[in-house]
Amino acid sequence: MSPALGEKIAIPSPESTDKISSCFNGDWLRGYVRGKLRNDPVYAESAAIIAAFPAPILDIGCGPGLLAHYLNACGIQVPYHGLDTDRRKIDSARAAATGLENVCFEQADCLPLPAWQGHVMMIDVLHYLDAGKQALLLHAAISRIAPGASLTIRTVIRDRSWRFHVTRVEETFIRSSRWIQGGVKHYPRIDELMRPLEDAGLAAETLPMFGYTPFNSYLLVARREPVPAAT
Ligand SMILES: C[S@@+](CC[C@H](N)C(=O)[O-])C[C@H]1O[C@@H](n2cnc3c(N)ncnc32)[C@H](O)[C@@H]1O
């Protein structure tokens, strides 16, 4: 049974997120990991989605692998495959994941996507691709959602809100810090994301996912209907 979007699960304690951050190298990265895991609601939301229908996870643009640690801290044990184009982040993810089972990290571009059937996650990655690549990736990701599983996307949405303008300014700082190679290519409008999901016959829901930030981030969750049980 799928949860309603926004449904809560027990979240890891501060001691648990401290323990996770201590697996990473360097004070800056430890602070970043601790802050993200404690304050960013996207991980608890993702964990609730996966807990409701445990299935293997493909995490596109996984960064240092925070989702894998968060799920483990929630007691959610499913095979996890993270891929990211950035060699430094994959090295950090691998070094920090020695205690995690059934987890692998691959340095790869998101296109072409590997063969997969299960959940597909894209947390804060889509806007680093140009519009053409976003469309191709969406199409590829949709085809990898197993019956009963979901495609979960968090992205900045292009609209007329003050949040969108603040986000654009923030991304110029991220680019100059070189935390994300290449910087933003295209902020999608909501209809650019919803149309391919609806065309594929998927029921999609959206939820604001700002957390404590001023940024214009939304969560989209598209579920594929489970195969009906034989009678
Ligand atoms: C803002 S980070 C999000 C990391 C992670 N999803 C998280 O929640 O912590 C965006 C990530 O997308 C990755 N990325 C950008 N373009 C990519 C591409 N073409 N293929 C794979 N990963 C990409 C970046 O290297 C970066 O690690």
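The model on screen is predicted, with local features needing pLDDT of at least 70 and side-chain atom pairs counting only at pLDDT 80 or more, whereas totals for chains, interfaces and linings use all residues. Residues are numbered from 1 along each chain as its sequence is written.

Select residues 42–52, helix 3, together with residues 66–73, helix 4, whose axes come within 10 Å and cross at roughly 60°; helices here are DSSP runs (H or I, at least four residues) numbered from the N terminus, and axes are lines fitted to C-alpha atoms over the stretch in contact, with angles from 0 to 180 degrees between N-to-C directions. The two helices are therefore oblique to each other.

Now show the side chains at the crossing, where Tyr 43, Ser 46, Ala 47 and Ile 50 of helix 3 meet Leu 66, Leu 67, Tyr 70 and Leu 71 of helix 4 (contact: C-beta atoms, placed from the backbone, within 7 Å).

Stay on helix 4, where seven of the eight residues are buried, that is, have 20 or more other C-beta atoms within 10 Å of their own, C-beta atoms being placed from the backbone. The buried set consists of Leu 66, Leu 67, Ala 68, His 69, Tyr 70, Leu 71 and Asn 72. Just after helix 4, select Gly 75, which takes a positive phi of about 80°.

Finally, move to the ligand and the 16 residues around it, of which Gly 61, Gly 63, Asp 86, Cys 110 and Ile 123 come nearest (near: C-beta atom, placed from the backbone, within 6 Å).

Definitions and conventions
Parallel < 35°, antiparallel > 145°, perpendicular 65-115°, else oblique. Contact = placed C-beta atoms within 7 Å. Buried ≥ 20, exposed ≤ 12 C-beta atoms within 10 Å, placed from the backbone.
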